[in-house]
Amino acid sequence: MRDGFVKVAAVTPEVRVADVAFNVEACVAAAREAAEKDGAAVIVLPELALTGYTCEDLFWQDALVRAADSGLADFAAATADLDALLLVGVPVRAGAKLYNCAAVVSHGAILGLVPKTHIPNYNEFYEGRHFVPGPADPVTVSVGGEKDVLFGTNLLFSCLELPELVVAAEICEDLWVAAPPSFAHAQAGATLICNLSASNAVVGKADYRRDLVRGQSARLVCGYVYASAGTGESTQDLVFSGHDLVAENGRLLAEGKPFGDGRAVSEVDVRFLAAERTRMSTFECAAAAEEAGYVSVPFSLGTDAAARETPLTRWVDPHPFVPSDAARRAERCEDVFAIQAHGLAKRLAHTHSTRAVIGLSGGLDSTLALLVTVRAFDLLGLPRDGVIAVTMPGFGTTDRTYNNACELARTVGAELREIGIAASVRQHFSDIGHDESVHDVTYENSQARERTQILMDVANQEGGLVIGTGDLSELALGWATYNGDHMSMYAVNASVPKTLVRHLVRYVADTCGDAAESEVLLDVLDTPVSPELLPATGDGKIAQKTEDLVGPYELHDFFLYEVLRRGTNPAKVYRLARYTLGEKYDDATILSWLKVFYRRYFAQQFKRSCLPDGPKVGSAAMSPRGDLRMPSDACSALWLAELEAL
């Protein structure tokens, strides 16, 4: 469970209606397989699995209830050697009434019984004929040969080795009502909700069930494990399909599809869930379970559980900012363009500007900024020639990027102006006494600041706005010249990561309907990313390639998502990067660039502390007025030390 990953399993064993001995054996076998083969630490079996859900009036038979009671004892004893928390459905008689319960078992002990709260008695369901709702406040009952077993809905089961793992249960219908018990469970501290269900199969219900589970996990910022009764149930009037699901914070991690193999296994990141709740000021949570009226029951997953590494099988997206599905990616690109363009359109309208000024280099970022700007002008009904694209060739400008900048401005209908910077930068070198042959940071930054000065002054001449081109990845790494390309009057790309910038430009190339525009966009995409601040090679090629200097943006965007969006610690970022990108990059390469990321992320905060305005487009952004409030002089030693320890 190192790094907070907990392997969970929702399993549907084959049962026989009212055959308790057979069902106990089937449930034990299913639990043992999930624990020993899959390594599951939390295993959920269906509602009333020890008897079968469809026993109907047989639940009134004393023989069945007594058999279920002894069957629960047998189940606990037969799984005593498993380092797992098990939840299995069983009918329990307490006083003169019968309750539909989730029995929570670990290392041979029955830790508690969670009764069903909402008893359906409509359409095909007649549970109210046999069962009554259970109490909220826990009491003690005798069950399975054990005395003083806690019984009530307000029970939480807390892992001794991993404090972030707090388990609660609800049963089937409890999820489908307007105010599920899991609302209170989560607010009391539960990070993993387990649902023992017997949800019959009807047309369209699987989709609704899937959405319900996924939505509840998102709403409660929790893991949700759902195990449903299968085809062994009676088919007198209903059919049960064994639909099993594992979700985390709105994302479906695993699914045992209806009429499938009856299992869903994955890893829930409870440490991330706890961190996400900490960040969300609107997530109401009690300081302790007792404060919320709950009883917390401790359980152990073994003395080595905290250090044990859970093998990962879940999907970890190597490109978290870019959907892998083509249709979803196109939809995402359209959404991002709409946000960027409408944000800029509002700013232009507010300032009564009919002119916009962009430094067009022929590179990816300025290309995207130009595409966004002409769309904003279209939204406002302004002529596109009000967009002034300024190309400013300098010491490192190549024919390829220069020609692409000129052609792109022409194809989109913008006004193109060429203002060379070589003479003015050389004058500046003379003014400050810098040797032009020394290609240091002064040499590079003087060019960037000269370009920004030109753009600002042209904007003043024209009564327009300077449109910023820098993207989110560059902001994370501080790959911008302070008071140079770092500055603008509205930064349309400020929360768009480099990996997404590429797909946005390709999206326009694929959909613009103009062959000439598409051709130049495709060539921009094929050009190495570069600031072009150092002289070109002898054959006129780009000499300065950004990814050779700061590392692959594919890696940095993955690091950025984990650090900024998920709050992941350095060793865990490294583990996840190896897991999802390890076939492309070796361990040493990943670790090396991760260290670079952390050093630059901390050292370059001063640039982010004074960013211009720009629209947030996704779940991660770095505006000092929004997602990232970070001191510019924070120390990175703690984070780098964790990486050095690897």
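1. Buried means under 20% relative accessible area, exposed means over 50%, and partly exposed is in between, using a 1.4 Å probe and protein chains only. By that scale F259 is exposed, since its relative accessible area is 52%. Its phi is near 60°, a positive value in a residue other than glycine. F259 sits in the loop between β13 and β14 (263–269). Helices (H or I, at least four residues) and strands (E, at least two) are DSSP runs, numbered from the N terminus.

2. This is a predicted model, in which local features need pLDDT of at least 70, side-chain atom pairs count only at pLDDT 80 or more, and totals for chains, interfaces and linings use all residues. Residues are numbered from 1 along each chain as its sequence is written, and side-chain values use heavy atoms, with hydrogens and water left out.

3. Now the overall picture. The protein chain has 20 helices and 20 strands. Its C-alpha trace spans about 100 × 50 × 45 Å along the principal axes. Of the 646 residues in the protein chain, 57% are buried. Contact here means heavy atoms within 4.5 Å. Take the contacts in the protein chain between residues at least 6 apart in sequence: 73% of them join residues at least 24 apart.

4. Most residues other than glycine have a negative phi. N249 belongs to the loop between β12 (244–248) and β13 (251–256). Its relative accessibility is 23%, so N249 counts as partly exposed.

5. Next, the cores. A nonpolar core is a set of buried Ala, Val, Leu, Ile, Met, Phe, Trp, Tyr and Cys residues joined through side-chain atoms within 4.5 Å. The largest has 88 residues. L370, F559, L560, F597, Y598, Y601 and M622 have the most contacts inside it. A second, separate core of 58 residues includes L85, I171, V213 and A254.

6. Which residues does L370 contact, leaving aside its neighbours within four places in sequence? They are I358, L360, V387, L408, A409, V412 and A414.

7. Helix α8 (residues 364–380) packs with helix α9 (residues 399–412) at an angle of about 15°, and their axes are 11 Å apart. Axes are lines fitted to C-alpha atoms, for helices over the stretch in contact, and angles run from 0 to 180 degrees between N-to-C directions. That angle makes α8 roughly parallel to α9. Angles under 35 degrees count as roughly parallel, over 145 as roughly antiparallel, 65 to 115 as roughly perpendicular and the rest as oblique. T367, L370, L371 and V374 of α8 make the contact with L408, A409 and V412 of α9. These residues divide into 6 nonpolar, 1 polar and no charged. Ala, Val, Leu, Ile, Met, Phe, Trp, Tyr, Cys and Pro count as nonpolar, Asp, Glu, Lys and Arg as charged, and the others, Gly among them, as polar.

8. α8 also meets helix α14 (residues 515–525): the axes come within 9 Å and cross at roughly 150°. From α8 come L364, T367 and L371; from α14 come E517, L521, V524 and L525. The contact of α8 with α14 divides into 5 nonpolar, 1 polar and 1 charged.

9. Helix α7 (residues 326–350) is another partner of α8, packing at an angle of about 65° with the axes 8 Å apart. Residues in this contact include F337, A341 and L348 of α7 and L368, L371 and V372 of α8. The contact of α7 with α8 divides into 14 nonpolar, 3 polar and 2 charged.

10. Is A188 buried or exposed? A188 is buried, with a relative accessible area of 5%. Its place is in the loop between α4 (181–187) and β10 (192–197). Leaving aside neighbours within four places in sequence, A188 contacts L156, A289, A292 and Y294. The C-alpha atoms of A188 and A287 are separated by 8.0 Å, though 99 residues apart along the chain.

11. Finally, K572, which lies in helix α17 (residues 570–581). At 3% relative accessibility, K572 counts as buried. Beyond its neighbours within four places in sequence, K572 is in contact with D3, F5, D269, R271, F272 and E642. K572 and L534 are 38 residues apart along the chain, and their C-alpha atoms are separated by 37 Å.
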